[in-house]
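Subject: A structure for you to look at

Hi,

Here is the structure I promised to pass on. Please open it first, and then read my notes below alongside it.

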Amino acid sequence: MATNTQTDPKIAEFRELLSKARSILVLTGAGISAESGVPTFRGEGGLWRQFNATDLATPSAFARSTSLVWEFYHYRRELVRTKEPNKGHLALVEAEERFEKEGKHFFILTQNIDGLHRRAGSRNLLEIHGNLFTVRCTSCGFIEENNDSPICEALRNRGLPNETGSDIPLKDLPSCRQCGSLVRPHVVWFEECLWPDVLKKINEEITQCDLFLVVGTSGIVYPAAGYASIVAQRKVPVVEVNIEKTPATSTSTFYFEGPAGELLPMLLAPIKTDAPSNKTLPLNAKTRK
Ligand code: BV8
Ligand code: ZN
């Protein structure tokens, strides 16, 4: 049941851990964008034209129904453009800035491709599955950020969830600025491996962290779903924030139930120290040796 932020003693325990942590790693999933109005994969709204995202986010779907898959990604690009980061994203930005000032390491691995962490201002961030606004050429491999709306004329006003039929000819779909061939979203589809440089960075972060927050993910998709148990095996505290229990809950030291937009600002708020630190003592005071 939902965490009572006034009385739950676990919160004080967590915040004590947070104050002592030197390297905080956060893994986020679609749930952190839910309060921004971006549908999650497996909640309601996770369907588009009666398709599951997981049916369309594959190389074979793109090869078989290129127009349909581009309409799906075009729809998501245009939808996300109308959304804003929420208090959960912003709490992570504020925490990153504060912890950096305290000489701590703070890093976010997001599974989301919506770009909302970036727009919120997070800098220590890795979008492990790519980004909706980056495209890659299917022929020459050229990768570039593309914020065009629409991304090509043929997709203007297309891709609506209640539309049927997807028959845009390949030649009218988004094309490479370098060689003119068809481009695809530069994201990691199911049955595709995460990129080697991304895997290297993930490994660095999960081996160095001494506190691991898992926020708004169903813990179904690998390899991300495996990180909590890898970190827990190092006896590092795992803290889950979700509106429901997930497979990660059993490996979590703390499980805080509730919307990330409400819980994160409270969980990550600056620790108010009552005792004046020597930084705040009046100039002529002597700090006790
Ligand atoms: C890989 C980008 C090695 C695209 C995504 C068979 C063949 C091949 C592979 C596999 C296979 N079987 C299994 C696999 C591995 C597969 C996998 O894990 N499949 C799952 C379905 C079982 N993984 C892969 O293929 C990965 N690559 O393994 O390479 C390999 C290679 C070949 C062969 C074998 C192995 C690649 C996975 C990456 C896929 N790309 N995204 C796109 O977005 O279009 S995954 C996509 O779904 C998201 O990016 C995210 O990562 C993932 C899961 O979504 P979540 O973020 O968890 O969202 P979800 O909706 O599920 O849950 C939301 C949660 O939020 C819920 O818990 C909800 O309670 C909570 N919530 C809601 N509101 C709130 C909230 N919490 C807090 N506050 C709120 N307000
Ligand atoms: Zn090209």
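In strand β8, the bridge partner of Val135 is Pro185. Before going further, please note that this is a predicted model, in which local features need pLDDT of at least 70 and side-chain atom pairs count only at pLDDT 80 or more, while totals for chains, interfaces and linings use all residues. Residues are numbered from 1 along each chain as its sequence is written, chains are lettered from A and ligands numbered from 1 in the order in which they are written, and side-chain values use heavy atoms, with hydrogens and water left out.

Back to that sheet. Helices (H or I, at least four residues) and strands (E, at least two) are DSSP runs, numbered from the N terminus, and two strands pair if DSSP finds at least two bridges between them. The open sheet has 3 strands in the order β7-β6-β8, and the pairing is antiparallel. Its edge strands, β7 (143-145) and β8 (183-187), each pair on one side only. From one strand to the next, the twist averages 40 degrees; axes are lines fitted to C-alpha atoms, for helices over the stretch in contact, and angles run from 0 to 180 degrees between N-to-C directions. Helix α5 (residues 66-81) lies across β6 and β8, at about 140 degrees to β6, where contact means heavy atoms within 4.5 Å.

The other sheet is also open: 6 strands in the order β5-β4-β1-β9-β10-β11, with parallel pairing. Here the edge strands are β5 (125-127) and β11 (254-257), each pairing on one side only. Neighbouring strands of this sheet are turned by 15 degrees against each other on average, direction ignored. Strands β1 (residues 23-28) and β4 (residues 105-110) run parallel and are joined by 6 bridges, with Leu27 opposite Leu109 in β4. Two helices lie across this sheet. Helix α1 (residues 9-20) lies across β1, β9 (211-215), β10 (238-242) and β11, at about 120 degrees to β11. Helix α8 (residues 196-208) lies across β1, β4 and β5, at about 135 degrees to β4.

Now for the ligand. Which residues come nearest to ligand 1? They are Arg42, Tyr73, Arg76, Glu192 and Ser218, out of 32 residues around ligand 1; a residue counts as near if one of its heavy atoms lies within 4 Å. By class, this shell has 16 nonpolar, 10 polar and 6 charged residues (Ala, Val, Leu, Ile, Met, Phe, Trp, Tyr, Cys and Pro count as nonpolar, Asp, Glu, Lys and Arg as charged, and the others, Gly among them, as polar). An oxygen atom of ligand 1 is 2.7 Å from a polar backbone atom of Ala30, and an oxygen atom of the ligand is 3.2 Å from one of Gly216. For Glu191, the distance from a polar backbone atom to a ligand oxygen is 2.8 Å. A polar contact here is a pair of N or O atoms within 3.5 Å.

Glu191 also has a positive phi of about 70 degrees, although it is not a glycine, and sits in the loop between β8 and α8.

Finally, look at the cis peptide bonds. One joins Ser149 and Pro150, with omega about -5 degrees, and Pro150 lies in the loop between β7 and β8. Another joins Tyr222 and Pro223, with omega about 0 degrees; Pro223 is in the loop between β9 and α9 (227-233).

Best wishes

Technical notes:
A polar contact is a pair of N or O atoms within 3.5 Å; within protein, one must be able to donate a hydrogen and the other to accept it, and residues adjacent in sequence count only if both atoms are side-chain atoms.
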